[in-house]
Amino acid sequence: MAGAAPDPGSAPAGPALQAAAADLVDEVAATRWGRISPSVYETGRLVSIAPWLVDHAARVAFLRATQRPDGGWGQPGGYALAPTLSATEALLATARDGDPSAAEPAGQGLDRLIGWLAGPAPLRVADVPDTPAVELIVPALVDLVNAHLDALADRPVPGLDRFAGVRLAAPAGMDDRPLRGIRAMLDAGAPVPDKLMHSLEVVGPLTANQPVRPAPIGGVGASPAATAAWLAGHPAGPTSATLRYLEAVTRRHGGPVPSVVPIAPFERAWVLSLLIGAGFPVGRPDRVAAALAAPLGPGGLAGGEGLPLDADTTSVTLLTLAQLGAAQPVDCLWPFEVDTHFSTWLGERTPSTTTNAHVLELFGHHVAAHTWAGARDRAVVAKLTAWLCAQQLPDGSWMDKWHASPYYATFCVVTALHRHGRLGGGEPAATIRRAVRWIVATQAADRSWGRWHGTAEETAYAVQTLLLTAALDEPGAHAAAADGLAYLAATSGQQPDPPLWHDKDLYVPPRIVRAAVLAAFRLAGSDNAMRYGISSPAATD
């Protein structure tokens with residue numbers, strides 16, 4: 001297959017490929033929780049905040065098992081800072097509480113942090129990725145670690161004696177003023193801002209009269225750590241719903257916990273959007289549309305119960321509903337519009353390229369499907385086309401705040417520009433060609449694509465981008481797509497999916513990754529899924 005030109009037409013999917021997609025649709029249509037990988041950051045917070053919670057020992061063991069040989073945790077570069085701070089602080093707390101097995105990994109974590117923050121080439125704020133609440137999380141954890149280090153002078157812990165009196169500092173350019181401001185605001189009785197709910201653990205114990213209500217599923221801010229922090233400020237103890245939430249989340253992974261749960265609306269919308277966009281027919285569309293629309297309200301919807309409403313999940317959900325023949329009004333997105341683009345949520349610090357690509361796809365579909373679409377709808381298409389083109393990096397790629405890989409952001413933007421960019425009077429072809437050339441030029445020798453190393457997820461995004469834009473006939477694009485498909489065929493199910501999606505640390509949404517791979521094969525017109533190792537693994541939720 002390597003070197004052949006895949007046909008990106010509408011050939012029917014083979015039975016196994018279609019069966020795998022149908023199983024995936026059934027899974028996401030039925031779930032209330034969604035499924036993502038466990039989080040070092042979030043698990044560390046639970047170890048520290050809620051050592052009383054069931055499976056505490058399993059969480060401590062998870063932190064020890066996931067420590068890297070260099071003493072840190074997490075992915076390369078600045079992505080390791082938040083999980084390493086969280087795990088180190090949790091193990092320091094555990095060691096000081098009398099567990100001697102935690103001292104050695106805590107010391108290794110401290111050595112790694114000292115090297116990053118006080119070494120010859122210390123981390124700067126520019127080295128720290130723009131993950132949610134990172135400007136609050138890092139100073140809060142530095143303070144907690146320093147409190148442990150100060151306490152070692154009075155209460156030594158074997159194996160940690162050499163750290164007594166040592167102090168950490170946040171990366172240059174990052175300080176604790178935003179964190180202190182939020183704490184002062186809450187101490188004065190102000191309500192907790194919606195977008196802070198997911199990271200409530202950074203503010204410390206709340207007063208019992210803070211008007212914070214758990215979501216119906218029992219969690220606060222769709223976060224185990226935020227839920228545990230909320231409980232710490234309620235002397236009456238956990239309600240039955242919050243306790244059931246925490247226990248259910250810990251059981252799902254045998255102790256460790258993900259950083260955001262539930263996340264079903266996000267997972268459902270992304271899986272269905274990828275599959276429908278690749279041409280998969282969706283069985284029982286009324287049932288699927290009902291599942292998508294159920295959490296949709298007048299202000300849009302959130303990625304999960306307890307998260308703030310956001311334009312990203314809302315736009316992908318509305319687009320998918322329209323593609324299923326169950327279109328809903330788009331008016332709920334207008335509050336997210338700002339002068340040049342759309343905010344992911346109200347009060348956003350930094351804009352998202354992929355959110356705006358998804359909004360462009362929705363409004364482009366709306367304009368193309370309805371002759372009565374108004375001037376404001378068409379203006380959105382023109383505005384977002386111009387804004388997205390302006391965000392392209394010099395090498396031809398895009399980056400985004402919700403994913404570590406440029407291949408995901410580039411796939412989202414190129415898809416939107418290719419399908420709808422010309423509707424607003426723009427001419428995005430040159431922008432798209434630069435992106436295609438970048439993808440062809442960055443394919444690895446093993447035929448994969450990846451930011452740090454080749455992955456199935458990133459290869460699937462690269463292949464889809466090349467197949468969707470095949471009519472441009474850029475040199476090398478067809479052969480690169482065929483080689484990427486061959487890589488996916490040869491490695492299917494053989495490698496774990498690395499965490500690439502942004503939350504408080506990086507995570508994997510395995511169903512979304514699987515949908516991306518299936519979509520790549522579907523776009524290639526494959527009619528023999530078993531040839532590519534495609535099967536439908538049993539999954540529980």
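P216 is found in the loop that runs between α7 (177-187) and α8 (224-232); helices (H or I, at least four residues) and strands (E, at least two) are DSSP runs, numbered from the N terminus. The model is a predicted one, in which local features need pLDDT of at least 70 and side-chain atom pairs count only at pLDDT 80 or more, while totals for chains, interfaces and linings use all residues. Residues are numbered from 1 along each chain as its sequence is written, and side-chain values use heavy atoms, with hydrogens and water left out.

P216 counts as exposed because its relative accessibility is 75%; exposed means over 50% relative accessible area, buried under 20% and partly exposed in between (1.4 Å probe, protein chains only). Not counting residues up to four places away in sequence, P216 touches R32 and E305, where contact means heavy atoms within 4.5 Å. From P216 to S343 there are 127 residues in sequence and 27 Å in space, C-alpha to C-alpha.

The buried residues are P224, A225, A226, T227, A228, A229, W230 and L231, and what covers them includes α2 and α9 (240-252). Within helix α2 (residues 40-49) lies T43. T43 is buried, with a relative accessible area of 0%. Leaving aside neighbours within four places in sequence, T43 is in contact with R59, F62, L63, P256 and V257.

Attention now turns to the nonpolar interior. In soluble globular proteins, nonpolar side chains tend to be buried together. A nonpolar core is here a set of buried Ala, Val, Leu, Ile, Met, Phe, Trp, Tyr and Cys residues joined through side-chain atoms within 4.5 Å. The largest such core has 89 residues, and L275, F342 and F363 touch the most other members. A second, separate core of 67 residues includes V47, A102, W230 and V261. Beyond its neighbours within four places in sequence, F342 is in contact with L333, W334, F336, E337, E348, N356, V359, F363, V380 and L384.

The structure also holds 13 aromatic pairs, where rings of Phe, Tyr and Trp (its six-membered ring) pair if their centres lie within 6.5 Å, with planes under 30 degrees apart counted as stacked, over 60 as edge-to-face and the rest as tilted. Y79 and W452 form an edge-to-face pair, at 5.6 Å centre to centre and 85 degrees between the planes. This pair links distant parts of the chain, 373 residues apart: Y79 is in the loop between α3 (56-65) and α4, and W452 is in the loop between α16 (429-441) and α17. Y79 counts as buried because its relative accessibility is 9%, whereas W452 is partly exposed, at 29%. One aromatic cluster is formed by F266, W270, Y408, F411, Y461, W501 and Y507.

The largest pocket holds about 700 Å³ of space; grid points are joined across faces, edges and corners, and a volume is the space filled by probe spheres set on the points. Two or more lining residues each come from α6 (134-151), α10 (264-277), α12 (311-323) and β1 (501-502).

There are three cavities of 30 Å³ or more. The largest holds about 260 Å³ and is lined by 20 residues, of which S273, L274, H358, E361 and F411 lie nearest its centre. The largest share of this lining, five residues, comes from α15. The second largest cavity holds about 80 Å³; among its 13 lining residues, G78, Y79, A82, P129 and T131 are the closest to its centre. Helix α4 (81-96) gives the largest share of that lining, three residues.

Key
On a 1 Å grid over the protein atoms alone, a cavity is a set of points where a 1.4 Å probe fits but cannot get out, and a pocket is an open set with protein on both sides within 12 Å along at least five of seven lines; lining residues have an atom within 4 Å of a point.
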